Amino acid sequence: MLSNDLTTLLREHNLGGEPAVLPPTVSFGSITSGDIGIHGTTVIAVKFNGGVINVGDRRATANFAIMYDKAEKVLPIDDLTLLAISGSFARALEVVRYLKTQFKYFERSQLQPMSLDGKLSELARVIAAGVPAALQGIGGVLPILSTFDPTINEGRIFFYDGMGARFESTEFGAAGSGSTQIRGVFEYIVKTKGPFHLMSREDALREALFLLDIAADLDAATGGWSKHLPLAKTITADGIADVTKDELQAIVEDIDRLHNR
Amino acid sequence: MVFNPFDYNEANRHRRDSVEDRLREGSPVVGVSFDKGLIILTVRRSQRKVFEIYDRIIYSAIGNQSDVEAIRVGAIDVAHKEGFDRSPDDVTTHRLVSFSLSPPLKRIFGDTFNAQPAVIRAMFGELGKTPEQDVFYVLNYDGEFSQSHGFAVVGGTQEAEDKMSLSLMGVSGKTTFNHALERALQAWAAGSVESRRKSPSGDDEYASEDEDALAKRVLRDELKQGIVEVGVLDRDTNRESKFRLLGTVDLEGLLSSYKQE
């Protein structure tokens with residue numbers, strides 16, 4: 001058998017369901033029937049002059065209960081792809097696990113990496129496969145995919161709607177319940193301080209953390225940083241790197257000082 | 001036709017001889033474990049020979065191209081199915097070789113009526129957390145396999161493999177990357193010289209030369225046409241993928257000293 005597709009492989013061995021291999025999961029988000037656009041989280045992706053920065057809060061909720069305050073919502077898929085996840089946490093982790101294996105399986109068996117377009121379609125398929133579950137309120141996922149495109153030497157950000165439609169954003173992307181509250185702030189930053197893709201890494205990171213702070217203020221399901229630092233990763237031509245705790249701590253303290261906290 | 005145990009043994013012997021005959025010319029494969037990772041090195045003419053199987057497993061082989069490919073694809077399929085279904089931690093070379101790959105090879109080899117035996121001698125290298133946990137498996141066309149630590153060799157003849165093992169004595173977890181490359185290349189040359197000998201007694205065109213000078217000459221000649229290929233598994237990398245494939249360009253520093261007259 002010369003297969004290049006993990007789903008086919010799993011199906012042949014009677015593993016996983018149809019059509020996506022992902023099992024339905026218990027929701028950690030605040031998704032209700034017919035309302036698949038709302039998720040207890042805020043994840044933010046902004047460009048900077050060397051690539052893309054992703055930041056995410058660390059709160060996982062189930063309705064009004066805060067279940068977990070060390071959730072990791074910015075996850076590497078491969079050396080050049082980051083996924084910032086919102087929605088059902090359990091299902092999102094399965095999506096990440098599936099995509100990771102799928103992309104690696106393709107690359108290893110076909111001896112060439114999957115194209116960016118191929119990866120984006122794969123993600124769209126996974127989201128579309130989750131629509132029935134999302135409509136029942138158990139397990140919708142809305143991710144933002146960030147990548148570094150070596151062919152144009154620039155970072156790229158893609159976001160999706162609940163049905164799996166894909167959009168490319170020129171400057172920024174956000175997902176989760178806090179994202180709607182801060183949409184206008186993104187526009188304000190671009191109009192007053194210039195586009196994100198021209199900012200230095202430090203400036204862009206600072207703006208992203210400001211945005212996250214505002215989201216935590218305005219959205220009950222988005223965690224602030226009083227207990228745990230947010231999670232931030234960058235993606236550049238050299239691949240994915242963590243923003244160190246020290247660097248985050250310094251900016252966070254600075255923002256707190258500005259607010260007299 | 002009367003069929004008795006004698007015929008069976010005789011048939012097996014013939015099969016063994018014919019497979020060994022076809023393996024004799026194969027360009028040797030050397031695996032070395034070092035402080036910061038593990039390499040598999042070979043010199044090839046056309047087709048790529050060193051492959052990534054899974055997160056911590058690499059593979060190379062001598063033999064019939066389609067058999068080499070069949071084992072590669074089979075190993076990748078089993079590893080990814082198991083890694084997704086259970087956990088990447090459960091994918092080990094031990095399970096892969098002894099439960100998934102060895103039994104069918106043994107079955108094909110023993111089936112003197114219906115099947116052509118596979119023409120392959122394969123090497124798997126598995127990266128551990130420390131050099132002591134690195135492990136190599138050598139899998140034979142008849143399903144036999146052996147496990148080793150520190151280094152492993154695959155060559156066209158038993159004599160070639162003995163020479164290579166001798167050449168690699170003393171490599172350890174303290175060996176550095178450059179040193180490991182050098183030792184692997186020397187072992188490759190030793191094996192290559194040995195498998196070219198027409199008779200084990202040394203009564204051939206290479207008989208008059210001193211071993212070291214001979215190995216150097218063979219290496220120099222081979223590097224004019226052949227391509228040195230090295231697969232590396234990096235122990236300490238932060239990248240999502242631990243595997244790198246090095247070609248002639250990456251190895252210029254190492255090879256330049258061997259290319260000179």
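Author: Two strands pair if DSSP finds at least two bridges between them. Strands are DSSP runs (E, at least two residues) and helices likewise (H or I, at least four), numbered from the N terminus. This is a predicted model: local features need pLDDT of at least 70, side-chain atom pairs count only at pLDDT 80 or more, and totals for chains, interfaces and linings use all residues. Residues are numbered from 1 along each chain as its sequence is written, while chains are lettered from A and ligands numbered from 1 in the order in which they are written.

Reader: How do you know that β5(A) and strand β6 (residues 81–87) of chain A pair?

Author: Four bridges join them. The rule asks for at least two. They run antiparallel. One bridge links Pro76(A) to Leu82(A) in β6(A).

Reader: What makes β5 (74–78) and β9 (166–169) of chain A edge strands?

Author: The sheet is open, in the order β5-β6-β7-β8-β9 (chain A). β5 and β9 of chain A each have a single partner strand, so one side of each lacks a neighbour in the sheet.

Reader: Which strands of this sheet does α2(A) touch?

Author: Helix α2(A) packs on β5, β6 and β7 (141–149) of chain A. Contact means C-beta atoms, placed from the backbone, within 7 Å.

Reader: Why are α2(A) and α2(B) called roughly antiparallel?

Author: Helix α2 (residues 89–110) of chain A and helix α2 (residues 65–85) of chain B pack at about 175°. Axes are lines fitted to C-alpha atoms, for helices over the stretch in contact, and angles run from 0 to 180 degrees between N-to-C directions. Over 145 degrees counts as roughly antiparallel (under 35 is roughly parallel, 65 to 115 roughly perpendicular, the rest oblique). The pair is therefore roughly antiparallel.

Reader: Which residues meet there?

Author: Among them are Thr101(A) and Tyr105(A) on one helix, and Val73(B) and Ile76(B) on the other.

Reader: What supplies the largest share of the side of chain B that touches chain A?

Author: In total, 13 residues of chain B contact 14 residues of chain A. Helix α2(B) gives the largest share, eight residues.

Reader: What makes α7(A) lie largely in the open?

Author: Of its 14 residues, the number buried is one, so α7(A) lies largely in the open. Buried means 20 or more other C-beta atoms within 10 Å of the residue's own (12 or fewer is exposed, in between is partly exposed). Just after α7(A), Asn260(A) takes a positive phi of about 55°.

Technical notes
Two residues are in contact if their C-beta atoms, placed from the backbone, lie within 7 Å.
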